[in-house]
Amino acid sequence: MRGNPEVIDYLNMLIGGELAARDQYLIHSRMYEDWGLAKIFERIDHEMQEEAAHADSIIRRVLFLEGTPNMNRDDIETGEDVITCLKADLKLEYHVREKLAIGVKLCEEKGDYVTRDMLRQQMSDTEEDHTYWLEKQIRLIELIGLQNYIQSQM
Ligand SMILES: [Fe+2]
Ligand SMILES: [Fe+2]
């Protein structure tokens, strides 16, 4: 089914962000694993798979709308320790959330309600799952201290 060209272009821009999120979680989860932090490794490995699933849904939607998926990913920011990794990931999630909100609005304007629902679902994952979890970790570190937090993630 031929889609609206503006919606297709926007979706292609979003793919870059999801692929960046996937790769940022890929490197951060492997760093956590290397540092012996099994618990946070598992969580971030799971986020990586969710970002791959987000990219996958958008890629499939672009193909369905008769567009050509753009596989260029946005730049990633790799942290150096637990705090900088968490903060870089949170920054990325805030950024993705903002872009999804604009996408939802665009789809609404163009009458593409199925794409809108897909993006709305990804917004919910972004806000209520990924962002919320990262905000909680940063708050926990402030509350119990970095050493205690790291010990809780071994
Ligand atoms: Fe995502
Ligand atoms: Fe996310």
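Quick housekeeping. What you have up there is a predicted model, where local features need pLDDT of at least 70, side-chain atom pairs count only at pLDDT 80 or more, and totals for chains, interfaces and linings use all residues. Residues are numbered from 1 along each chain as its sequence is written, chains are lettered from A and ligands numbered from 1 in the order in which they are written, and side-chain values use heavy atoms, with hydrogens and water left out.

For reference, the ideal angle for four tetrahedral donors is 109.5 degrees.

Helices, by the way, are DSSP runs of H or I with at least four residues, strands are E runs of at least two, and both are numbered from the N terminus.

Over to the iron ion (ligand 1). Its donors are Glu18 (OE), Glu51 (OE) and His54 (ND1), at 2.0 to 2.1 Å. Their spacing in sequence reads E-x32-E-x2-H. Here the link runs from Glu18 in helix H1 to Glu51 in helix H2, 33 residues apart.

You'll have spotted Glu51 in both lists. Glu51 bridges the iron ion (ligand 1) and the iron ion (ligand 2), and the two ions lie 3.6 Å apart.

So, is Glu51 buried or exposed? Buried, because its relative accessible area is 2%. The cut-offs: buried means under 20% relative accessible area, exposed over 50%, partly exposed in between, using a 1.4 Å probe and protein chains only. Glu18 is buried as well, and so is His130. Not counting residues up to four places away in sequence, Glu51 touches Glu18, Ala21, Arg22, Tyr25, Glu93 and His130, where contact means heavy atoms within 4.5 Å.

His54 is also in helix H2, and at 5% relative accessibility His54 counts as buried. Leaving out the residues up to four places away, His54 touches Glu18, Gln122, Asp125 and His130. Its side chain also makes a polar contact with the side chain of Glu18, at 3.2 Å. A polar contact is a pair of N or O atoms within 3.5 Å; within protein, one must be able to donate a hydrogen and the other to accept it, and residues adjacent in sequence count only if both atoms are side-chain atoms.

Now the record. An unreviewed UniProt entry lists Glu51, Glu93, Glu127 and His130 under "binding site". These residues are spread over 80 residues of sequence but cluster in space, with a largest C-alpha distance of 13.3 Å. The "binding site" annotation in UniProt, again unreviewed, also covers Glu18, Glu51, His54 and Glu127. That set spans 110 residues, yet no two of the C-alpha atoms are more than 14.3 Å apart, so they gather at one spot. One caution: UniProt positions are given in the numbering used here, feature names are shortened, and annotations may be inferred rather than shown by experiment.

Beyond the residues up to four places away, Glu127 touches Arg97 and Tyr132, and the side chains of Glu127 and Arg97 make a polar contact at 2.7 Å.

Cys85 is buried at 0% relative accessibility, and Cys107 is buried at 2%. Taking a disulfide as a pair of cysteine sulfur atoms within 2.5 Å, the count comes to 0 disulfides.

How values were computed: Donors are N, O and S atoms within 2.8 Å of the metal (3.2 Å for Na, K and Ca); water is not among the atoms, so sites may look incomplete.
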